[in-house]
Amino acid sequence: MDLNADLGEGLGIWRLGDDAALLDLVTSANVACGFHAGDAPTMRRVCAGAAKRGVAVGAQVGYRDLIGFGRRQIAYEFAELRDEVLYQLGALDAFCRVAGTRVRYLKPHGALYHAAAGQQTEAAALVAAIGEYDDQLPLLCPPGSVLAQLATGAGLRVVGEGFADRGYLPNGHLVPRGAPNALIADPEQMAARAVRMATDGTVVAVDGSVIPCPVESICLHGDTPGAVRCAELVRATLIDAGVTLTPFA
């Protein structure tokens, strides 16, 4: 099982989360590419830290929305979104190459993640960007989503992702941020959910129902309060349960 986290989400003098500490715990790093968060020095620093530790670097691409942290829906034409994703991929790959590594996968962020999960235009733009840039790049996304289906149809490798720190609806979608039970705050509950995903391929939804969750990677958000302590417990609990942690890419 892969353990990933959203990293590099600071900007200028502002730091969000403890990138260095989380790089010691995860196997894959979803690095912000400057559109919803992050900047050039931050990308360089996180890519170098990941390369030093053998952590796989993925492009965490989002809408051009620094003010809203990429969590606001923005209407894009297909070609514009495709090209903005390509722009972000190329920028991050430059810093990866300087650090002696490369971008190994792509993951959409925030509102783009949710839009592409259910809408054809956004999903098609992401698939097109990957296909034009490097059709060997895996795509990290919700299993069974529109994005996963389009990517599979295009011959891309799709890696299903689950969230240890987010609530799930009975239909398998994430509870919208701002709604009750959207976030899991208890580290022990996060760890138990991660083990269940890794060993049983299921998760308990907010109504108590057990739903399928076939994933190869589990995400922890770097901006969650106490993110490092949560990641330490999740990692230790997975290992104690006999789960081998390794990058999927």
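Student: Which elements each supply at least two residues of the lining of the largest pocket?

Tutor: Start with the general idea. Rolling a probe the size of a water molecule over the atoms shows where empty space is left. Now the case here, in a predicted model. α4 (110-118), β6 (158-163) and β8 (210-212) each supply at least two residues of the lining of the largest pocket. α4 gives the most, with 4 residues.

Student: What volume does the largest pocket have, and which residues lie nearest its centre?

Tutor: The volume is about 420 Å³. The lining has 20 residues. P142, P143, G172, H173 and L174 lie nearest the centre of the largest pocket.

Student: How does the lining of the largest pocket divide by class?

Tutor: Count 12 nonpolar, 7 polar and 1 charged residues.

Student: Turn to the second largest pocket. How much space lies in it, and which residues lie nearest its centre?

Tutor: The second largest pocket holds about 340 Å³ of space. Its lining has 21 residues. Look for G110, A111, H114, R166 and R177 nearest its centre.

Student: Which element gives the largest share of that lining?

Tutor: α4, with 6 residues. β4 (103-108) and α4 each supply at least two residues of the lining of the second largest pocket. By class, this lining has 8 nonpolar, 8 polar and 5 charged residues.

Student: Now the helices. At what angle do α4 and α5 pack?

Tutor: The general idea comes first. Two packed helices are described by the angle between their axes and the distance between the axes. Here α4 and α5 (residues 120-133) pack at about 105°, and their axes are 6 Å apart. Angles of 65 to 115 degrees count as roughly perpendicular, so α4 is roughly perpendicular to α5.

Student: Which residues make the contact between α4 and α5?

Tutor: From α4, take L112, A115, A116 and G118. From α5, take Q120, E122, A123 and L126. By class, the contact has 5 nonpolar, 2 polar and 1 charged residues.

Student: Why is A154 classed as partly exposed?

Tutor: Check the relative accessible area against the cut-offs. Buried means under 20%, exposed over 50%, and partly exposed in between. A154 has 48%, so A154 is partly exposed.

Student: How far apart are the C-alpha atoms of A154 and D135?

Tutor: They are separated by 9.0 Å, with the two residues 19 apart along the chain.

Key: Residues numbered from 1 in each chain as written. Predicted model: local features only at pLDDT ≥ 70, side-chain atom pairs only at ≥ 80, totals over all residues. Heavy atoms only, no water. 1 Å grid on protein atoms, 1.4 Å probe; cavity = no way out; pocket = protein on both sides within 12 Å on 5 of 7 lines; lining within 4 Å. Points joined across faces, edges and corners; volume = space filled by probe spheres on them. Nonpolar A, V, L, I, M, F, W, Y, C, P; charged D, E, K, R; others polar. Buried < 20%, exposed > 50% of the residue type's maximum accessible area, 1.4 Å probe, protein only. Axes fitted to C-alpha atoms, helices over the stretch in contact; angles between N-to-C directions. Parallel < 35°, antiparallel > 145°, perpendicular 65-115°, else oblique. Contact = heavy atoms within 4.5 Å.
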